[in-house]
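Subject: Structure handover

Hello,

Here is the structure for your files. My notes on what was found in it follow below.

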Amino acid sequence: MKCRYCPRRLRTAESRARGYGLICGRKLGLIPPSAPRQRGTTTPVTTVALPDIHPNQTTIPIQPELPKE
């Protein structure tokens, strides 16, 4: 089955049911554009030094603290 607006073949069952593909649907405003992905909010992690560390052992921070602006 071909798209009713262009010569492309319709490959998905959803496109065949509509009669047009995703590209033509978006170009003609029949299908809304996909929403952009949103990044989750991140909170800065502060390092914590524990007092139970051996004197010859050095601590390595998991995530460095970001400078405050």
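**Arg-18**

Arg-18 counts as partly exposed, because its relative accessibility is 23% (buried means under 20% relative accessible area, exposed over 50%, partly exposed in between, with a 1.4 Å probe and protein chains only). Arg-18 is found in helix H1 (helices are DSSP runs of H or I with at least four residues, strands are E runs of at least two, and both are numbered from the N terminus). Arg-18 touches Arg-4 and Ile-31, residues up to four places away in sequence not being counted (contact means heavy atoms within 4.5 Å). From C-alpha to C-alpha, Arg-18 and Arg-4 are 9.5 Å apart in space, and they are 14 residues apart in sequence.

**Ground rules**

This is a predicted model: local features need pLDDT of at least 70, side-chain atom pairs count only at pLDDT 80 or more, and totals for chains, interfaces and linings use all residues. Residues are numbered from 1 along each chain as its sequence is written, and side-chain values use heavy atoms, with hydrogens and water left out.

**Overall**

The protein has 2 helices and 0 strands. Of its 69 residues, 14% count as buried. Among contacts with a separation of 6 or more, 2% are between residues 24 or more positions apart.

**Core**

The largest nonpolar core has 6 residues: Cys-3, Cys-6, Leu-10, Tyr-20, Cys-24 and Ile-31. Such a core is a set of buried Ala, Val, Leu, Ile, Met, Phe, Trp, Tyr and Cys residues joined through side-chain atoms within 4.5 Å. Cys-24 touches Cys-3, Tyr-5, Cys-6 and Arg-8, leaving out residues up to four places away in sequence.

**Pocket**

The largest pocket has a volume of about 230 Å³. A pocket is an open set of points on a 1 Å grid over the protein atoms alone, where a 1.4 Å probe fits, with protein on both sides within 12 Å along at least five of seven lines; lining residues have an atom within 4 Å of a point. Grid points are joined across faces, edges and corners, and the volume is the space filled by probe spheres set on the points. There are 14 lining residues, and Arg-9, Ser-15, Gly-21, Leu-22 and Ile-23 are the closest to the centre. Helix H1 (13-18) and helix H2 (22-27) each give two or more residues to the lining.

**Ser-15**

Ser-15 lies in helix H1. Ser-15 counts as buried, because its relative accessibility is 9%. Beyond four places in sequence, Ser-15 is in contact with Leu-10, Tyr-20, Gly-21 and Leu-22.

Regards
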